[in-house]
Amino acid sequence: MGGGDNDDSGSLVLTSLSLTHVQFNPDDFISYAFAYITLLPLAILVFYASVIASRREVAGIVMLLGQLTNEVLNAILKESFQIARPHSHLGTGYGMPSSHAQFMGFFAVYGTLYLWTHIKLDHIAYKNFISLALAGLAALVAYSRIYLGYHTPTQVAVGMAIGCTYGACWHGLMERVIRPSHVIDRIMQHPIARVLYLRDMRHIDNVAKWDYEQWRKSYYTRKTE
């Protein structure tokens, strides 16, 4: 099509951008299940975006920033180690450390620490269940990378260790350095924060209960008008 359509395919090497391209054995049910489980980090990123867009809560933005810097750290480490994946035809780039394992390690540890230090639920059993669920999801995603052949056990273990450590460090940085320095408070007072409806609800004892009470108050006020 057109005069500029020259056939230079012999010298041009093409690649594809496919975030959800996962190879697995279609005859193996476990492999089939892990092909979906291994995509959980993408679902979590969508969850981040949805919560931040709908809630405008600073805590979600802070956690997402930690997650993204964790990914930057992973990219730096991969280029530094330059250790190949166990099977060259699976995945692109280097394999040490596993980015999926590092992603889930951060998510599980930071999420658990924030849950136990800043979120109040009606029953402590809920916190226990959520903590176990986070750890279980992280373990499933990490093992899926080994089962599907994208990483060695060592690459996954190192990725998980780095992610967990970075999650704990990010939480400590926020709680012991950033928060005490009132950086968040200054951001919340900025005109842009007011335009974006950003809010910091850490001072509210039980956010779920507070939200529900605000809804009830608005609902019944409207009903009586």
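Figure 1. Of the 225 residues, 32% are buried (buried: under 20% relative accessible area; exposed: over 50%; partly exposed: in between; 1.4 Å probe, protein chains only). The model being predicted, local features need pLDDT of at least 70 and side-chain atom pairs count only at pLDDT 80 or more, whereas totals for chains, interfaces and linings use all residues. Residues are numbered from 1 along each chain as its sequence is written, and side-chain values use heavy atoms, with hydrogens and water left out.

**Figure 2. The packing of helix 3 against helix 6.** Helix 3 (residues 58-81) and helix 6 (residues 153-178) pack at an angle of about 135 degrees, and their axes are 10 Å apart. Axes are lines fitted to C-alpha atoms over the stretch in contact, and angles run from 0 to 180 degrees between N-to-C directions. The two helices are therefore oblique to each other (under 35 degrees is roughly parallel, over 145 roughly antiparallel, 65 to 115 roughly perpendicular, and the rest oblique). Helix 3 contributes Val62, Leu65, Gly66, Thr69, Asn70, Leu73 and Leu77 to the contact, and helix 6 contributes Ile162, Gly163, Tyr166, Trp170 and Met174 (contact: heavy atoms within 4.5 Å). These residues divide into 8 nonpolar, 4 polar and no charged (nonpolar: Ala, Val, Leu, Ile, Met, Phe, Trp, Tyr, Cys and Pro; charged: Asp, Glu, Lys and Arg; polar: the others, Gly among them).

**Figure 3. The aromatic pair Tyr32 and Tyr36 in helix 1.** The whole structure holds 9 aromatic pairs (rings of Phe, Tyr and Trp, the last by its six-membered ring, with centres within 6.5 Å; planes under 30 degrees apart are stacked, over 60 edge-to-face, the rest tilted). The ring centres of Tyr32 and Tyr36 are 5.4 Å apart and the planes stand at 65 degrees, so the pair is edge-to-face. Both residues lie in helix 1 (residues 29-37), 4 residues apart, about one turn of the helix. Tyr32 is partly exposed at 38% relative accessible area, while Tyr36 is exposed at 53%.

**Figure 4. The aromatic pair Phe106 and Tyr166.** This pair is tilted, with 5.9 Å from centre to centre and 40 degrees between the planes. Phe106 in helix 4 (residues 99-118) and Tyr166 in helix 6 are 60 residues apart, and the pair links distant parts of the chain. Phe106 is buried, at 0% relative accessibility. Phe106, Tyr110, Tyr114, Tyr166 and Trp170 form one aromatic cluster.
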